Amino acid sequence: MNDNQIKDIVIVGGGSSGWMAAAMLAKTLGKGRQITLIESESIGILGVGEATIPPIRLFNNALGINEVDFIRHTQATFKLGIQFENWGAQGESYMHAFGDIGRGLGFTSFHHYWLQAQKMGNSSGFWDYSLNYQAAKANKFTKMEQIAGTPLSGIAYAYHFDAVLYADFLRKFSEQLGVKRIEGKVVETNLQASTGAVDDGFIRSVTLENGEHVTGDLFIDCTGFSALLIEKALKTGFTDWSHWLPMDRAIAVPTESNGELIPYTRSIAHKAGWQWQIPLQHRVGNGHVYCSKYTSDEEAKQTLLNNLSGKMLAEPRMFKFTTGMRKKLWNKNCVAIGLSSGFLEPLESTALHLVQASITRLIILFPDKQFHQADVDEFNRQSTVDYEKIRDFIILHYRATKRDDSAFWQACQKLEIPESLQQKIDLFKSHGRIFREQNELFSEAAWQQVMLGQGLMPKSVHPVTEQLSREQLEEFLNNLTSIINKTVGNMPDHGDFIAKHCAS
Ligand SMILES: Cc1cc2nc3c(=O)[nH]c(=O)nc-3n(C[C@H](O)[C@H](O)[C@H](O)COP(=O)(O)OP(=O)(O)OC[C@H]3O[C@@H](n4cnc5c(N)ncnc54)[C@H](O)[C@@H]3O)c2cc1C
């Protein structure tokens with residue numbers, strides 16, 4: 001390895017983001033490099049990132065992790081989507097189900113045909129054509145790439161898992177690959193003195209409470225909300241999006257499992273926020289995310305406690321946050337990954353995905369000791385696009401509500417939204433058109449479900465769909481539902497699937 005190569009990587013922080021970074025860097029770039037992770041047990045980890053989205057499977061697969069080992073170790077369950085209750089209007093619910101809905105014909109996406117059928121008087125629901133939704137509502141799960149003998153895709157899934165156990169699992173994995181763990185608290189970050197050289201202000205080392213200095217070429221800030229390196233030391237700056245995403249607090253509490261093991265996350269809207277319910281094998285994760293301008297901490301806690309379905313297993317914990325992102329995720333020789341890089345609130349379970357995306361991007365743009373600015377700029381540009389697209393998707397849930405039963409929901413209806421989201425809504429409202437832009441995370445089917453689920457209906461249908469007669473359209477739709485219903489009918493129960501294939 002030549003002298004220009006990065007040889008010492010120092011990761012500060014051992015939550016999900018720190019250990020995900022350590023594991024993937026060790027797996028892909030570990031040869032000839034020392035990877036060191038510093039974490040402090042006295043500070044601990046946040047430990048509430050429990051719901052994920054399907055790309056997490058790519059991450060685990062790239063590490064070569066055995067899925068059954070992972071599910072056993074982290075007490076995971078399978079996740080087919082998120083059910084949103086009382087969001088569009090009180091008493092209504094819909095699901096953002098993963099995977100496809102129906103099947104498009106030629107250039108024309110399925111939802112246009114469904115809209116045309118509605119216009120002709122068909123009363124089927126949009127989610128009648130979602131395999132994931134039908135399986136979720138029947139508490140069924142199996143692994144299936146494609147529905148056999150048809151062109152329809154199978155089950156798309158992610159996991160619910162215990163975040164503390166996931167970090168622990170990845171720690172063992174990383175240590176086996178040679179990652180060195182240091183227990184200790186970083187009390188100082190030491191920067192290169194200003195000499196007019198390109199590495200002015202670079203991080204040279206961090207000092208621990210016991211006086212030890214840990215030096216490195218590349219530093220990864222995984223210190224969570226404290227953003228010790230990227231912000232406290234490098235003063236990178238933060239773009240605050242709380243005017244668009246006003247949630248700023250959460251209270252979380254685990255409860256005993258009772259009842260069936262559902263294969264989806266529940267998101268239940270309340271007076272000034274929403275509650276999550278995440279089923280794991282050994283317990284249920286619950287939390288209430290709220291806006292402190294519209295409800296007190298005590299009232300928010302009571303709302304959560306009044307809506308728990310099992311016995312509490314620990315005292316409720318409170319978290320404070322500001323939605324937004326760092327102005328640069330990569331600054332000098334420091335890359336922020338995880339909560340140190342920003343936070344968009346947990347509504348669509350995207351935080352761990354952003355961790356995964358940053359790690360992958362860092363590997364693709366991995367620097368040498370020159371830290372070429374073009375690589376750094378590209379990393380920051382792509383990261384900003386990721387954050388902004390997800391931000392818009394989350395805002396849509398709040399803005400497109402018909403609820404006016406509290407000051408909070410009235411304010412949501414009047415929310416000024418980013419132009420990029422307004423354009424998406426306008427395109428959908430006119431002819432139901434949705435475009436996936438710049439490799440954005442959420443698919444057209446995801447956007448369609450939230451638009452329709454929140455009560456936005458296009459004014460006109462796509463003219464291509466009028467080429468089918470009423471009979472042809474009915475036949476097309478009936479075929480789809482009969483395939484989906486038959487497939488779900490043959491699937492095992494979610495709990496039984498885990499007991500048979502994954503439980504310890
Ligand atoms: C209410 C809430 C709900 C969430 N739900 C989800 C979800 O459902 N899905 C999802 O994907 N994400 C979710 N997230 C986000 C998710 O929890 C985080 O992305 C994930 O836990 C990663 O956190 P982290 O590793 O960046 O930080 P942390 O878990 O906070 O870890 C920080 C680490 O830095 C160390 N550290 C800090 N300071 C020092 C120091 N001075 N010296 C040494 N070590 C130090 C700590 O010891 C710790 O190891 C949620 C977040 C919140 C707030």
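**Close-up 1. Lys 332 in the loop between β19 and β20.** In this predicted model, Lys 332 is found in the loop that links β19 (330-331) with β20 (334-336). Its phi is positive, about 55 degrees, although Lys 332 is not a glycine.

**Close-up 2. Asn 86 in the loop between β4 and β5.** Here is another residue with a positive phi: Asn 86 has a value of about 65 degrees, although it is not a glycine. Asn 86 has its place in the loop between β4 (81-85) and β5 (93-97). With 19 other C-beta atoms within 10 Å, Asn 86 is partly exposed, because a buried residue needs 20 or more.

**Close-up 3. The shell around the ligand.** The ligand is surrounded by 39 residues, and the closest are Gly 13, Gly 15, Gly 49, Gly 224 and Gly 338. Which elements each supply at least two residues of this shell? They include the helices α1 (16-29) and α9 (351-364), along with the strands β2 (34-39) and β13 (249-255). By residue type, the shell divides into 20 nonpolar, 16 polar and 3 charged residues.

**Close-up 4. Phe 393 in helix α10.** Phe 393 is found in α10, the helix of residues 373-399. Phe 393 is buried, because 22 other C-beta atoms lie within 10 Å. What does Phe 393 touch, not counting residues up to four places away in sequence? Its contacts are Glu 348 and Phe 442. If you also pick out Tyr 157, 236 residues from Phe 393 along the chain, the two C-alpha atoms are separated by 20 Å.

**Close-up 5. The buried face of helix α15.** Helix α15 covers residues 494-501, and its buried residues are His 494, Phe 497 and Ile 498. Seen down the axis of α15, these residues fall within an arc of 95 degrees, so they line one face of the helix. A handy reminder: an α-helix has 3.6 residues a turn, so residues three or four places apart point the same way. Among what covers the buried residues of α15 is β3 (77-79).

**Close-up 6. Asp 128 and Thr 481.** Asp 128 has its place in the loop between α4 (110-119) and α5 (131-137). Because it has 17 C-beta neighbours inside 10 Å, Asp 128 counts as partly exposed. How far apart are Asp 128 and Thr 481 in sequence and in space? They are 353 residues apart in sequence and 6.4 Å apart in space, C-alpha to C-alpha.

**Close-up 7. Domain 1 and domain 2.** The domain assignment of the protein chain gives domain 1 as 8-50 + 162-240 + 323-371, and domain 2 as 122-154 + 468-504. Taken over C-alpha atoms, the centres of domain 1 and domain 2 are separated by 41 Å.

Definitions and conventions: Residues are numbered from 1 along each chain as its sequence is written. This is a predicted model: local features need pLDDT of at least 70, side-chain atom pairs count only at pLDDT 80 or more; totals for chains, interfaces and linings use all residues. A residue is buried if 20 or more other C-beta atoms lie within 10 Å of its own, exposed if 12 or fewer, and partly exposed in between; C-beta atoms are placed from the backbone. Helices (H or I, at least four residues) and strands (E, at least two) are DSSP runs, numbered from the N terminus. The arc is that of the directions from the helix axis to the C-beta atoms. Two residues are in contact if their C-beta atoms, placed from the backbone, lie within 7 Å. A residue is near a molecule or strand if its C-beta atom, placed from the backbone, lies within 6 Å of it. Ala, Val, Leu, Ile, Met, Phe, Trp, Tyr, Cys and Pro count as nonpolar, Asp, Glu, Lys and Arg as charged, and the others, Gly among them, as polar. Domain bounds come from an automatic or database domain assignment.
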